[in-house]
Amino acid sequence: MIRGANFYENKYEDGYHYFYSVLFALLLKPFYYLPFFWVKFCWLFFNSLIYLKLFQLLIKSKLVAMLNEKQKGIFILLVFIFSLRFFLGNIHSSQITILILGCSVFGLYFISNKKPISGAAILALGINIKLLPIVFLPYLIYRGYFKAFFFTVVFYFIYLFAPSLFLEHNYNISLLKTWLALINPSNQNHVLDVEERSFHGLSTLLSTLLVKEVPDVYALPLKRNIANVTLPTLSAILLLIRLLLVAFTLYFLKLKPLVKAKNYWQQSIEISYMLLLIPLIFPHQQHYAFLFMVPAFAIILLYLMLNYSGISKNKKIIIMVLLVLIYLSANLKLLLGTFNNYYEHYKILTYGALLLIPLLVWINKQIKFNKVEFF
């Protein structure tokens with residue numbers, strides 16, 4: 001940026017691109033003049049603060065307040081233990097997932113608390129930096145948050161063109177065009193999503209299951225494909241499954257457009273499902289991106305703890321077995337990293353994320369929406 005180069009065309013390290021927004025690059029520019037140690041320290045400290053603020057928001061929520069003090073301590077500890085691997089992954093790699101999750105959660109928090117402009121500014125910042133929270137734009141319309149939707153779009157375009165105030169306008173436009181081409185989901189490398197062994201998500205999982213000679217240089221000599229389809233067929237299947245998962249959001253929304261969620265349970269379930277979709281449906285998702293699993297895991301665990309005595313023994317066993325499997329799929333790398341090549345080869349993290357969906361469905365069926373309990 002300082003040299004006026006198109007930094008989206010440049011590659012660094014082992015062929016990586018910069019995938020974030022021009023605005024984010026501009027915000028990083030002043031730190032270029034600091035020693036790298038302090039740049040990294042400030043970034044990790046900032047992300048740690050967001051992580052703690054998210055836990056603080058969770059602790060203060062009305063549903064968690066329904067637990068007694070002992071239960072609350074156990075609940076927070078279990079959620080922390082589940083999320084620790086993802087937190088450490090983001091800190092170790094100096095990643096941006098914690099910031100994007102924070103923008104999503106705090107943006108929606110302010111919007112649902114009748115602060116649409118503040119919430120929209122935060123949510124739009126997350127969308128601008130890394131497109132992932134864009135899944136919530138249709139949600140805002142569906143739930144009747146029209147003012148918040150309008151301001152989110154306005155702030156997004158402000159963030160998009162704001163760098164022109166500090167950079168030459170044509171330079172900013174040139175950067176934006178290259179960026180949009182780079183993140184185009186129709187690119188072949190976003191379909192055969194196996195450039196790195198640590199990639200996870202639907203595009204990576206389906207590539208390894210449905211293509212025999214997938215170009216994965218890190219693959220083990222162990223069979224994992226169940227079919228061998230052409231690239232256009234894989235692309236069509238991937239698009240169909242993505243659309244089905246997105247459409248399934250309507251199940252949690254109760255097919256009632258332009259009406260706010262009736263209570264805290266409903267709102268928490270539908271938002272946690274949409275957060276869970278992010279690492280599943282978007283390409284190029286690393287293991288640390290599955291921090292977006294944590295809200296879904298937390299709401300399932302919370303319901304189990306609040307209703308433990310009223311759940312039949314068989315259901316308790318099934319739910320707890322599934323939660324253990326989900327925990328292990330997410331944390332075996334941390335607990336028993338010596339076999340990490342196998343975990344990555346078979347993409348077990350993606351299976352763990354998918355297992356959260358039937359549990360969310362089960363909770364959604366159990367809850368009777370008869371109390372209004374918002375944030």
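Rings of Phe, Tyr and Trp (for Trp, the six-membered ring) are taken as a pair if their centres lie within 6.5 Å, and the pair is called stacked with planes under 30 degrees apart, edge-to-face with planes over 60 degrees apart, and tilted for the rest. By this rule, the count comes to 32 aromatic pairs. On accessibility (buried is under 20% relative accessible area, exposed over 50%, partly exposed in between, with a 1.4 Å probe and protein chains only), F150 comes out as partly exposed at 49%, and F151 is partly exposed at 22%. F248 and Y251, on the other hand, form a stacked pair, with 5.2 Å between centres and 5 degrees between planes. Here F248 is partly exposed at 30%, and Y251 is partly exposed too, at 28%.

The model is a predicted one, so local features need pLDDT of at least 70 and side-chain atom pairs count only at pLDDT 80 or more, while totals for chains, interfaces and linings use all residues. Residues are numbered from 1 along each chain as its sequence is written, and side-chain values use heavy atoms, with hydrogens and water left out.

Ring pairs also build up a cluster, linking F7, Y8, Y18, Y20, F24, W43, F46 and W179. Some rings carry a charge as well (NZ of Lys or CZ of Arg within 6 Å of the ring centre and within 35 degrees of the ring normal). K260 lies over the face of Y145, at 4.7 Å from the ring centre.

N47 belongs to helix 2 (residues 36-60), where helices are DSSP runs of H or I with at least four residues, and strands are runs of E with at least two, numbered from the N terminus. N47 is buried, at a relative accessible area of 1%. Leaving aside residues up to four places away in sequence, N47 touches I91, Q95, I98 and L99 (contact means heavy atoms within 4.5 Å).

A cavity is a set of points, on a 1 Å grid over the protein atoms alone, where a 1.4 Å probe fits but cannot get out, and its lining residues have an atom within 4 Å of a point. Points are joined across faces, edges and corners, and the volume is the space filled by probe spheres set on them. This gives 2 cavities of 30 Å³ or more.

The largest cavity has a volume of about 540 Å³. Of its 28 lining residues, L54, L58, V105, P295 and A298 are the closest to the centre. Helix 2, helix 3 (69-92), helix 4 (97-112), helix 12 (264-281) and helix 13 (294-306) each give at least two residues to this lining, and helix 12 has the largest share, with 6 residues. By class (Ala, Val, Leu, Ile, Met, Phe, Trp, Tyr, Cys and Pro nonpolar; Asp, Glu, Lys and Arg charged; the others, Gly among them, polar), the lining has 23 nonpolar, 5 polar and no charged residues.

The second largest cavity has a volume of about 60 Å³. Its lining includes R85, H200, K333 and E344, and divides into 5 nonpolar, 3 polar and 3 charged residues. Helix 14 (313-335) supplies the largest share of this lining, 4 residues.

How values were computed: 1 Å grid on protein atoms, 1.4 Å probe; cavity = no way out; pocket = protein on both sides within 12 Å on 5 of 7 lines; lining within 4 Å.
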